[in-house]
Amino acid sequence: MQPELRMTSQAAELTLSANKVLRNTYMLLGLSMVPTVIGAAIGINLNFSFMAQSPILGFIVMLAVMFGLFWGISKNRDNGLGVVLMLALTFFMGLMLGPILQVALHLRNGAQLVGIAAGGTGVIFFSLATIATVTKKDFSFMGKFLFIGLILLIVASLANLFFQIPVMQLTLSAIAVLIFSGFILFDVSRIVTGGETNYVMATLAIYLDIYNLFVNLLQLLMALAGERD
């Protein structure tokens with residue numbers, strides 16, 4: 001086989017493989033929204049007073065459960081248990097939406113704001129995913145900047161747990177929207193260019209991007225457009 005033909009064949013195989021990973025990722029991502037919605041419906045009716053009384057302890061417990069599930073998913077990425085753990089994680093993340101949804105739904109226009117945040121998240125995701133898929137551009141150069149931005153965001157968010165400055169929280173939410181929008185572009189691009197070949201891990205990354213984008217969009221909308229009694 002001529003070198004040119006061999007290269008063309010390899011490129012075609014890589015494209016087919018990337019398309020398969022992307023298709024499976026979107027299928028699992030869609031499925032993961034079911035336990036998320038169920039978890040959120042349950043979380044709305046739970047009492048999270050312990051987290052309000054000790055937000056730092058609540059944050060640590062939440063992180064412990066999340067990272068335990070992250071570890072389990074990573075270890076079982078190539079078998080069915082990884083999918084089961086992924087769905088368990090999305091159910092837990094849905095539960096953790098309880099506190100912010102409770103606050104939102106106590107606003108006169110809370111249900112509308114939740115709908116706008118969900119719709120806005122969908123528009124941003126599909127727009128950026130389409131850009132990454134259609135252009136097939138490699139956005140891996142964004143990885144370092146996004147990671148540094150995420151670390152700084154986490155540190156600033158932890159600091160604001162002590163200071164409780166509303167303006168700072170608003171600023172952090174706006175920055176988070178930009179960072180996680182960038183991560184959507186980065187993570188979808190990794191699949192398209194063959195940088196991520198495991199659909200379970202790809203789904204985990206994109207799910208967390210969407211989840212955090214929704215939460216921070218909702219926080220912005222509540223602060224800027226929430227109608228209180």
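Biologist: What makes the pairing of the Asn198 side chain with the backbone nitrogen of Val200 a polar contact?

Modeller: A polar atom of the Asn198 side chain lies 3.0 Å from the backbone nitrogen of Val200. A polar contact is a pair of N or O atoms within 3.5 Å; within protein, one must be able to donate a hydrogen and the other to accept it, and residues adjacent in sequence count only if both atoms are side-chain atoms. The 3.0 Å separation therefore falls within the 3.5 Å limit. The model is predicted: local features need pLDDT of at least 70, side-chain atom pairs count only at pLDDT 80 or more, and totals for chains, interfaces and linings use all residues. Residues are numbered from 1 along each chain as its sequence is written, and side-chain values use heavy atoms, with hydrogens and water left out.

Biologist: Why is Asn198 called buried?

Modeller: Asn198 has a relative accessible area of 10%, and buried means under 20%, exposed over 50% and partly exposed in between (1.4 Å probe, protein chains only); Asn198 is therefore buried. The residue is found in the loop between helix 8 and helix 9 (199-225). Helices (H or I, at least four residues) and strands (E, at least two) are DSSP runs, numbered from the N terminus. Leaving aside neighbours within four places in sequence, Asn198 is in contact (heavy atoms within 4.5 Å) with Val21, Arg77 and Asp78.

Biologist: How do you know whether Val200 is buried or exposed?

Modeller: Val200, in helix 9, has 1% relative accessibility, so it counts as buried. Beyond four places in sequence, its contacts are Leu28, Ile73, Arg77, Gly82 and Val83.

Biologist: What makes Asn45 buried or exposed?

Modeller: Asn45 has 65% relative accessibility and therefore counts as exposed. Asn45 is found in the loop between helix 1 (3-43) and helix 2 (49-53), and its side chain reaches the backbone oxygen of Ala41 at 3.1 Å. Asn45 and Gln102 are 57 residues apart in sequence and 8.1 Å apart in space, C-alpha to C-alpha.

Biologist: What makes the phi of Lys136 worth a remark?

Modeller: Lys136 has a positive phi of about 55° although it is not a glycine. Most residues other than glycine have a negative phi. Lys136 is in the loop between helix 6 (110-135) and helix 7 (143-163).

Biologist: How many helices and strands does the chain have, and why is it called as compact as a globular protein of its length?

Modeller: The chain has nine helices and zero strands. Its radius of gyration is 19 Å, close to the 17 Å that the globule rule gives for 229 residues, so the chain is as compact as a globular protein of that length. The radius is taken over C-alpha atoms, and the rule is 2.2 Å times the number of residues to the power 0.38. Buried residues make up 41% of the 229. The C-alpha atoms fill a box of roughly 75 × 35 × 30 Å, taken along the principal axes.
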